[in-house]
Amino acid sequence: MKPARVQFVTGISGYFVKDLAAVRQSPTYDPLVDNIQPLTPGFQQVVQPGQVISILLQLSNGQLVVGDCVDVIFSGAANRDPLFVASEHLPVLESVVQPWLMSCDLMQFRPNSVRIDSPWPPLGGARLHSAIRYGLSQVLLAATASAHGCMPAEIIAQEWGTAIASQPVDILASCHRNDLLQLDRMIMKQVAILPHASFLHIHDLGPGGSVLLEFVDKVARRVRERGPSGYHPQLHFDVYGTLGDLFQDTDALAAFLGQVQRAAQPYDVLIESPIIASTKAAQIERLRELRLRLRAQAIPVQIVADEWCNTLQDTRRFAEAGAVDFVQIKMPDLGAIHNSIDAVLYCRERGVGCCLGGSANETDNSARMTAHVALATQPDFLLSKPGLGADEGVMILTNEMRRTLAVVQWPCLN
C-alpha cells in the first residue's frame with residue numbers, strides 16, 4: 001500500500017520553547033515584560049511559541065493518518081538539534097520528503113523508520129531535523145497500522161517481537177510548582193508519580209536549597225493528608241542542574257539529597273538532572289560519581305538522566321557507565337520512533353529504569369502515539385504530555401492506553 005495524498009500543515013505546540021542558556025542566567029525573566037538577548041542560535045526571543053508541522057497522509061484505502069513534527073522546550077541545549085522553525089523545513093518536506101513518501105511501501109514500519117533516520121543523498125548526506133524524523137515516523141507507524149487494520153501498538157509488538165502490556169503504564173504527572181490545586185487533582189486521581197515541578201534556576205532552590213526542601217516536605221505532607229488510603233506514589237523533581245550549581249562538591253550534594261529523601265518520607269524520590277555539565281563526558285562522570293556517593297551513604301534517592309542523554313547511543317553510554325538509575329527517553333530528541341523503541345528495550349534488557357518521555361511542547365497526536373509505544377515496550381513510566389496542565393496529558397495518555405487495550409483484546413472477526 002502506498003499513499004494517495006500528502007499535505008503539510010503548520011500549527012502550534014502544546015507549550016512553548018525556551019532558550020535555556022539565557023533563562024538560567026536570568027532567574028526572574030518575564031517574557032511579557034523584559035527584553036533580554038537570547039543566547040542559543042535560532043531564538044529570536046528567549047521564550048517563543050512552539051511550532052509544529054503536521055504531516056497528513058491519505059492512504060489508498062481512504063484512511064487519513066497524521067504525524068506531528070515537534071521539538072522539545074529547551075531546543076538547541078546540551079547537543080540537541082537547533083530550534084525547530086517550521087518555515088525553514090517546509091521546502092525540504094515538499095521537495096525531498098514528499099516524493100519519497102508518495103513512493104513508500106507502507107506495509108512495514110521498521111524499515112521505513114530506519115530509512116528516514118538515515119542520511120539523505122538529496123540533502124548532501126545530511127539528516128533531517130530530529131523533529132521532522134519524529135513526525136514522519138509517527139505518520140508512518142499510523143499508516144502501517146491502518147494498512148493492516150490494527151493498532152500501532154500491535155505493529156510494534158509484531159515487528160519487534162514484544163508483548164503488549166496487560167494494563168496502562170504508570171504516568172508521571174507534570175505539574176507547575178506553584179499550583180497546589182493542580183497537585184491536589186493529581187493526588188485525587190492517584191497518579192503513580194508526581195509532581196515533576198521544575199526548578200530552573202539556582203534562585204529557585206533558596207538559600208542552601210531550603211525552598212526545595214520545603215516544597216518536597218509540602219508535597220509529601222499533601223499526599224499523606226489528602227491521598228486516599230493505600231495511595232503511595234513516587235515523588236519526582238526536575239532540577240535542571242541547579243543542585244550541581246549550588247553544591248559543587250559531590251559529597252555536599254549527596255548529603256543534601258539525603259535531606260530531600262528525609263523530607264519526602266515515606267515516599268521514594270527521583271531527581272532528574274541534578275547536574276548539567278558542560279560536556280557529555282563530564283555529565284556522565286559527574287552523575288556516576290554522585291550515584292556512587294549516594295549508594296555508599298545508603299541514600300535511596302534515584303537519579304534520572306535527561307540533558308546530554310539525547311540519542312539511543314547516549315542512553316547506552318549513560319547506562320554502561322553506571323551513571324543513572326533511570327533514563328528519560330525524550331522522544332522528539334531521538335528522532336524516528338524506532339530509536340525510542342530500541343532505547344526502552346535496551347534499558348529493560350540491561351535492568352536500567354526508563355521513562356518514555358518527551359516534552360510539554362508536544363501535541364495530542366504525538367502523545368497518543370507515545371501511548372502505543374509504551375504499551376508495546378513497557379517502560380517503567382510515561383511523562384504526561386502535552387502541556388503542563390497535567391489533567392490533559394494524563395487524560396490523553398490514560399484514555400489512549402485503555403482504548404487500545406480494549407481493542408487488542410477483541411476476538412478476531414475472521
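## Strand β8 and its partners

In this predicted model, V304 stands opposite F326 in β9. The two strands concerned, β8 and β9 (residues 326–330), pair in the parallel sense over 2 bridges. Strand β8 also pairs with β7 (residues 269–272), again in the parallel sense, over 4 bridges. Within this pairing, L270 is found opposite Q302 in β8. Between β7 and β8 the chain passes through helix α11 (residues 280–296), and this β-α-β crossover is right-handed.

Strand β8 itself covers residues 301–305 and is mostly covered, with 4 of its 5 residues buried. In general, the strands of a sheet pair through backbone hydrogen bonds, and the pairing may be parallel or antiparallel.

## The antiparallel sheet

An antiparallel arrangement is present elsewhere in the model: 3 strands form an open sheet in the order β1-β2-β3. Because β1 (3–18) and β3 (64–69) each have a single partner strand, they stand at the edges, and one side of each is left without a neighbour in the sheet. On average, neighbouring strands of this sheet are turned by 20 degrees against each other, direction ignored.

The pairing of β1 with β2 is antiparallel and extends over 12 bridges. As one example, the bridge partner of G11 in β2 is V52. Helix α2 (residues 86–102) packs on the sheet and touches β1 and β2. The direction of helix α2 makes about 150 degrees with that of β1.

## T40, a buried loop residue

T40 belongs to the loop between α1 (20–25) and β2 (47–59). Is this residue buried or exposed? Its relative accessibility is 12%, and since buried means under 20%, T40 counts as buried.

The side chain of T40 makes a polar contact with the side chain of D19, at 2.6 Å. Apart from neighbours within four places in sequence, T40 is in contact with D19, A21, S75 and G76.

V352 is located in the loop between α14 (337–350) and β10 (353–357). With a relative accessible area of 11%, V352 is buried. Which residues does V352 touch, not counting residues up to four places away in sequence? They are A319, V324, D325, V327, C347 and D380.

V352 and E320 are 32 residues apart along the chain, and their C-alpha atoms are separated by 9.6 Å.

Definitions and conventions
Residues are numbered from 1 along each chain as its sequence is written. This is a predicted model: local features need pLDDT of at least 70, side-chain atom pairs count only at pLDDT 80 or more; totals for chains, interfaces and linings use all residues. Side-chain values use heavy atoms; hydrogens and water are left out. Buried means under 20% relative accessible area, exposed over 50%, partly exposed in between (1.4 Å probe, protein chains only). Contact means heavy atoms within 4.5 Å. Two strands pair if DSSP finds at least two bridges between them. A crossover is right-handed if, with the strands pointing away from the viewer, the path from the first strand over the helix to the second runs clockwise. A polar contact is a pair of N or O atoms within 3.5 Å; within protein, one must be able to donate a hydrogen and the other to accept it, and residues adjacent in sequence count only if both atoms are side-chain atoms. Axes are lines fitted to C-alpha atoms, for helices over the stretch in contact, and angles run from 0 to 180 degrees between N-to-C directions.
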